[in-house]
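Biologist: I have a new structure open and would like to go through it slowly with you. Could you help me read it?

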Amino acid sequence: MNGRIALLAFLAAAVAACEPNGSVTSLAASLDASLTESGDTGPGAVYTLTNQVAGNGVAVFTRGADGRLTAAGSVATGGTGTGVGLGSQGSIALSHDGRLLFAVNAGSNDISVFTVGSAGLSLASRTASGGTLPISLTVHGRLVYVLNAGGSGNISGFTVANNGALVPIPGSTQALSSTNAGPAQVSFSPDGRHLVVTEKATSLLDVFSLDAGGVAGGRTSATSAGGTPFGFAFGPRNVLFVSEAAAPGSASSYVLSKDGVLGVASGAVLTHQGAPCWAVVTNDGRFGYTGNGSGSVSGFTVAPNGSIRLLDADGATALVSGGVNDITLSGNSRYLYVLQVGAAPAIQAFRVQADGHLTALGPIAGLPAGTRGLAAF
């Protein structure tokens with residue numbers, strides 16, 4: 001019993017460091033352009049969840065071709081949030097073509113799906129998540145899987161119908177390694193043949209294989225190279241880049257084999273920054289970034305074999321006052337967006353330079369306390 005209490009106290013400290021305390025018609029021109037212009041130069045949008053107990057919503061920001069953001073209002077999900085941190089990455093996600101937006105409603109245990117078009121966001125469906133406290137979801141083609149952190153915890157799968165409705169996949173719900181796993185994120189591998197889940201409490205990386213119908217099979221688990229694996233992202237060649245929140249803070253990289261086996265490329269490379277909890281990788285696979293709850297972003301170079309090295313010796317590629325709670329890259333990987341939390345929640349924008357370093361473009365504020373999750377196109 002004492003050992004379990006100590007483990008829970010350790011986990012709470014690590015997660016605490018990562019969690020410091022209608023339709024949008026004005027999007028018409030810029031969103032329509034983002035869907036038709038080149039992904040290399042065109043504008044786009046950034047989305048975040050308001051996560052409010054009285055009613056969840058998606059706050060929308062249009063992205064100019066220069067990467068700067070303009071507030072464009074919000075649209076209700078129809079569900080409710082928690083008003084507090086979700087301890088996860090991937091609570092809001094876009095389809096590959098940017099035409100569908102998926103959002104968790106952690107307070108009402110369901111998922112909202114929006115269509116994205118010239119009229120802005122339009123709520124297409126709202127579906128029970130297959131568990132309680134949905135905190136992360138992932139999309140691959142017509143398949144969606146959600147990670148539920150409440151109760152015993154599980155993953156559950158859905159197909160996306162032509163009208164945006166989510167249809168549960170029979171037999172897809174799978175348990176995690178334990179009833180106290182403390183999960184953080186679920187994501188498809190690039191080829192869609194596997195799902196990966198990070199477990200904060202057990203420091204395990206779970207891999208689930210999918211059959212031709214999208215049904216997740218039995219779980220295999222590997223011990224994380226660093227403590228408290230949290231957010232992660234895949235790059236080319238099935239390279240997996242994972243942030244690790246346990247002090248002193250690190251990131252690791254792996255290569256996922258065709259058989260679903262994780263091989264360590266670089267284990268527990270220190271960030272020298274507190275609470276690395278969120279992770280992204282550029283489209284070309286050359287750079288990875290961790291969002292650090294302590295208020296910084298650490299940049300890494302990623303070699304073709306998956307090994308990683310810090311861009312800056314002190315791990316402070318960018319500083320963000322007030323603390324960080326999520327990061328995302330634009331669809332073209334030219335811009336990095338950071339959810340700043342604290343007294344004045346905001347989204348900080350950065351341009352990704354050719355050498356991986358970051359140039360600040362400025363913040364955009366006006367977000368309510370409790371806002372969580374980021375997605376960009």
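Modeller: Let us begin with Phe234, which has a relative accessible area of 16% and therefore counts as buried (under 20% relative accessible area, with over 50% called exposed and values in between partly exposed, using a 1.4 Å probe and protein chains only). Please keep in mind that this is a predicted model, in which local features need pLDDT of at least 70 and side-chain atom pairs count only at pLDDT 80 or more, while totals for chains, interfaces and linings use all residues. Residues are numbered from 1 along each chain as its sequence is written, and side-chain values use heavy atoms, with hydrogens and water left out.

Biologist: And how much of the chain counts as buried?

Modeller: The chain has 377 residues, of which 57% are buried. Its accessible surface is about 13,500 Å², with 55% of that belonging to carbon and sulfur atoms; the areas come from the Shrake-Rupley method with a 1.4 Å probe, and for residues only the protein chains shown count as cover.

Biologist: How many helices and strands does the chain have?

Modeller: There are two helices and 30 strands, where helices (H or I, at least four residues) and strands (E, at least two) are DSSP runs numbered from the N terminus.

Biologist: OK, sheets then. What is the order of the strands in the open sheet that contains S30?

Modeller: The order is S3-S2-S1-S30, four strands with antiparallel pairing, and two strands are said to pair if DSSP finds at least two bridges between them. At the edges stand S3 (69-76) and S30 (372-376), each with a single partner strand, so one side of each has no neighbour in the sheet. On average, neighbouring strands here are turned by 20° against each other, direction ignored; the angles, on a scale from 0 to 180 degrees, are taken between N-to-C directions of axes, which are lines fitted to C-alpha atoms (for helices over the stretch in contact).

Biologist: What joins S1 to S30?

Modeller: Three bridges join S1, which covers residues 44-49, to S30, and the two run antiparallel. Val46, for instance, has Ala376 in S30 as its bridge partner.

Biologist: Change of topic: which strands stand at the edges of the sheet with S17 in it?

Modeller: That open sheet has four strands in the order S17-S18-S19-S20, with antiparallel pairing, and its edge strands are S17 (229-234) and S20 (262-270), each pairing on one side only. Six bridges join S19 (residues 250-256) to S20, and Ala251 has Val269 in S20 as its bridge partner.

Biologist: Why is S23 described as largely enclosed?

Modeller: Strand S23 (residues 296-302) has seven residues, and six of them are buried, so the rest of the structure largely encloses it.

Biologist: What does S23 pair with, going by the bridges?

Modeller: S22 (residues 287-292) pairs with S23 in the antiparallel sense over six bridges, and Gly288 stands opposite Phe300. S23 also pairs antiparallel with S25 (residues 318-319) over two bridges, and three bridges join S23 to S24 (residues 308-310), again antiparallel.

Biologist: Which glycines have a positive phi in the hairpin turns there?

Modeller: In the hairpin of S22 and S23, which has three residues between the strands, Gly295 has a positive phi of about 115°. In the hairpin of S23 and S24, with five residues between them, Gly306 has a positive phi of about 95°.

Biologist: Back to the rings. How many aromatic pairs does the search find?

Modeller: Searching the whole structure gives four aromatic pairs, meaning rings of Phe, Tyr and Trp (its six-membered ring) with centres within 6.5 Å, where planes under 30 degrees apart count as stacked, over 60 as edge-to-face and the rest as tilted. Among them is the edge-to-face pair of Phe230 and Trp278, at 5.5 Å centre to centre and 65° between the planes. Phe230 lies in S17 and Trp278 in S21 (residues 276-281), so this pair ties together parts that are 48 residues apart in sequence.

Biologist: What lies over the face of Phe230?

Modeller: Lys200 does, at 5.3 Å from the ring centre; a charge sits over a ring if NZ of Lys or CZ of Arg is within 6 Å of the ring centre and within 35 degrees of the ring normal.
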